[in-house]
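Me: I have a model open and would like to go through it step by step. Could you take my questions as they come?
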Amino acid sequence: MKLDVLLGLQWGDEGKGKAVDFLTPQYDVIARFQGGPNAGHSLEFNGMKHVLHTIPSGIFHPEKINIIGNGVVIDPVVFRKEIEALQARGVDLKNLYISRKAHLILPTHRLLDAASEASKGISKIGSTLKGIGPTYMDKTGRNGLRVGDIFTSDFEAHYRQLRDKHLNMLKQYDYPAEYEQEEKTWFEAIGVLKTFTVLDSEYAINKYLTENKSILAEGAQGTMLDIDFGSYPFVTSSNTVCAGTCTGLGVAPSHIGKVYGIVKAYCTRVGSGPFPTELLDATGEELRKKGNEYGSTTGRPRRCGWLDLPALKYSIMINGVTSLIMTKADVLSGFDTIKACTRYKVDGRVTDRVPFDVNAKVEPVYTEMKGWSNDITGTSSFDSLPAELKEYVAFIEKETGVPFQIISVSPDREKTIIK
Ligand code: GDP
Ligand code: IMO
Ligand code: MG
């Protein structure tokens, strides 16, 4: 059996939560492979909206196994809040498993994140300030604490050692280190984490594969935020791309099956960094308003712009995408003209490559298409969609060489069209 992957092809917030929740009935296991509480994955059904940060988006199907993989970084306090919110809604969590090798976000990791951003001034990354960067730094620096460590007798001593290292670093930043109250809350949350099934998830996942169980790996963030292939340094600190599934779950590349790449019908980005098609005008404002483009984790307004095909093709190449999913097609209803950037003009030269230099002056070259005015949120078949939208879909398929399989026309689980 192969493991399928679903990941974002833009700058995050493409609608991964909704898509994973929609696809979960087809799978036995859903597994998150990277990122942490910087993610905010929203899903809606039966008039209820839920935002998940650490927990896989298959959790509303209690008979399915949901795994937080070794590549994820966990803040026990955020995890506890998520758990309590799910329990308040009566969600059964007995099939939620956590990797022993997932790293822990300490209260001082969050302080270091804030101190680092404050020290950067206007060149700040625009981090979600959840402690992601400092935690992955401790992981690769071989100083981190892992979920498996919480069961050892010297856990508190190891915690203090790492915390004290952070406190010294905060002194160098000249950043206030108020951690005592948070530390108390953190240890209480560790107590909650201990009540869950903690396991060697790499063994579990490979066993499921030999048992012919179907697995969907859920990405966080998006390809353009990948630590290696994104717009560095305006990126997150993990590999958000398909290869991250192998290291973040312990799955061999030969076991990867389908790769679903999810795209918004336009682009958004939250935080700093290049965004060639960004619209700083009334059209951008209209996209933000109609698309309700405010961060699921931080509430920050998202930057909005037209679809960026050079970036999309790049993401498809890096991930080996086999099927595309489009979300928020409904948000484009009512625009007379829809634009898609097909190439960039960089220093007067036309190219379809994403430039290395994040400071390069990139001017988008657009193709214009006719828009549609119908409200499509009630449409349930691809054939009934407006001709202009079908043309837009066909245009992207032709440019990228990858077919769309799903078109989403509303946040609601039910409002999803299979092509
Ligand atoms: P994720 O991080 O990729 O899971 O995406 P987010 O949840 O952060 O952001 C996507 C937002 O778009 C959420 O508020 C979703 O409820 C919403 N959404 C998803 N699909 C659609 C869609 O097809 N149409 C509309 N209007 N909203 C959608
Ligand atoms: P989901 O999974 C959108 C962005 C931040 C910032 C940069 C680094 O919901 O799509 P970090 O906190 O990782 O140090 O922030 O990455 N970012 C996201 N943007 N969606 C996300 O996750 C994001 N996670 C991080 O805004 O620019
Ligand atoms: Mg999100």
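Me: Is cysteine 267 buried or exposed?
Reply: Cysteine 267 is buried at 1% relative accessibility, where buried means under 20% relative accessible area, exposed over 50% and partly exposed in between (1.4 Å probe, protein chains only). Please note that this is a predicted model, in which local features need pLDDT of at least 70 and side-chain atom pairs count only at pLDDT 80 or more, while totals for chains, interfaces and linings use all residues. Residues are numbered from 1 along each chain as its sequence is written, chains are lettered from A and ligands numbered from 1 in the order in which they are written, and side-chain values use heavy atoms, with hydrogens and water left out.

Me: How many disulfides are there?
Reply: The structure has zero disulfides, a disulfide being a pair of cysteine sulfur atoms within 2.5 Å.

Me: Changing topic: what coordinates the magnesium ion?
Reply: Asp13 (OD) and Gly40 (O) coordinate the magnesium ion (ligand 3) at 2.1 to 2.2 Å. Donors are N, O and S atoms within 2.8 Å of the metal (3.2 Å for Na, K and Ca); water is not among the atoms, so sites may look incomplete.

Me: Where in the chain are those two?
Reply: They are 27 residues apart. Aspartate 13 lies in the loop between strand E1 (3-8) and helix H1 (16-23), and glycine 40 in the loop between strand E2 (29-32) and strand E3 (41-45). Helices (H or I, at least four residues) and strands (E, at least two) are DSSP runs, numbered from the N terminus. Glycine 40 is buried, at a relative accessible area of 10%.

Me: And serine 57, where is that?
Reply: Serine 57 sits in the loop between strand E4 (48-52) and E5. Its relative accessible area is 0%, so serine 57 counts as buried.

Me: Which side chain does serine 57 make a polar contact with?
Reply: The side chain of glutamate 218, at 2.6 Å. A polar contact is a pair of N or O atoms within 3.5 Å; within protein, one must be able to donate a hydrogen and the other to accept it, and residues adjacent in sequence count only if both atoms are side-chain atoms.

Me: What stands opposite glutamate 218?
Reply: Leucine 6 stands opposite glutamate 218, which is in E10.

Conventions. Pairing = 2+ DSSP bridges.
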